[in-house]
Amino acid sequence: MISAMKCVIAALYPEAEPLIHALDLRAAGKNLWKNDGIVLALSGTGPIAAASCTARMLALMPVSWLISYGSAISRAAEGTLVQLSVLKNADSGRTFYPDLLLKTGLKEARGVTGSRVLKETDEVPGEVYDMESAAVFEAGAMVLRPDQMLFFRFVSDHGNEITAERLKQNSQAHAPWLAELIQNLSEPPQPDAAEESELALAEDLCCSVTMSRQLHQLMRYVRLADIDLDQRIHSLYQDGILPVKDREKGKQVLKDLERYGTQ
């Protein structure tokens, strides 16, 4: 059985080079470096490239942790390293929320991902702007839970010209710390019975990534509010409404559950 790997996705070699050395990774193919437990892949820039690379890595091997690392534009001081707690896709308008169960001590930031290359005169959307993070999350969420994905960005510039050498220097300042964090990551906790039930329900609702997030928020709310939603879900199965045949029907049933659970 192949052991699960910790997988790092970075866009550009100057960003990744210090981390490759800090993790003692060896070349394992085009734009790929690895050792016994960690693999790093270069995606290239942009949401499409990032999503494609992430999907490829998840198809090639079992992954326990997915780490997105690289540079970002921000009005914060150059070189600042942040952990992204909110990811907004500027192209689609969809927003995603990694579960920050792992406490790193880093400042948390709201990230915006887009396909547009910003200029120095452009307003920076969100606290930091990059071209990959949300796409990595969307692709990763097809296989992994939100708490298995980590997103780190160092501020490289404010939309002005940036050189490969400056990218490398900024990354070098954080690579030893990040390498130690990655090496010390333990196996993610396995889902408990409630999480397993939620995953099964999401599958029976034909949930998209956004629907899965809505379902997760609903289930967390009803547990905290001590609302019994199980009987309603059980009746949907008894009446043959669940599992649904397509996503549109799943959306209708999810809305019904939201009304029932929040009335």
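In this predicted model, the second largest pocket holds about 400 Å³ of space, and its lining is made up of 22 residues. The largest pocket, for its part, has a volume of about 1100 Å³, with 41 residues lining it.

**Second largest pocket**

- Nearest the centre of the second largest pocket, among its lining residues, lie Ser71, Ile73, Met131, Asp157 and Ile162.
- Strand S9 (128–130), strand S10 (149–157) and S5 each contribute at least two residues to the lining of the second largest pocket, and the largest share, three residues, is the one that S5 provides.
- Sorted by class, the lining of the second largest pocket comprises ten nonpolar, seven charged and five polar residues.

**Largest pocket**

- The volume of the largest pocket is about 1100 Å³, and the lining residues closest to its centre are Ala141, Leu144, Arg145, Pro146 and Leu199.
- Two or more lining residues of the largest pocket come from each of strand S5 (63–74), strand S7 (95–96), helix H6 (193–204) and helix H7 (209–224), and H7 gives the most, with seven residues.
- In the lining of the largest pocket, 20 residues are nonpolar, 13 are charged and eight are polar.

**An element found in both linings**

- Strand S5 (63–74) is among the elements that give two or more residues to the lining of the largest pocket, while S5 also supplies three residues, the largest share, to the lining of the second largest pocket.

Notes
Residues are numbered from 1 along each chain as its sequence is written. This is a predicted model: local features need pLDDT of at least 70, side-chain atom pairs count only at pLDDT 80 or more; totals for chains, interfaces and linings use all residues. Side-chain values use heavy atoms; hydrogens and water are left out. On a 1 Å grid over the protein atoms alone, a cavity is a set of points where a 1.4 Å probe fits but cannot get out, and a pocket is an open set with protein on both sides within 12 Å along at least five of seven lines; lining residues have an atom within 4 Å of a point. Grid points are joined across faces, edges and corners, and a volume is the space filled by probe spheres set on the points. Helices (H or I, at least four residues) and strands (E, at least two) are DSSP runs, numbered from the N terminus. Ala, Val, Leu, Ile, Met, Phe, Trp, Tyr, Cys and Pro count as nonpolar, Asp, Glu, Lys and Arg as charged, and the others, Gly among them, as polar.
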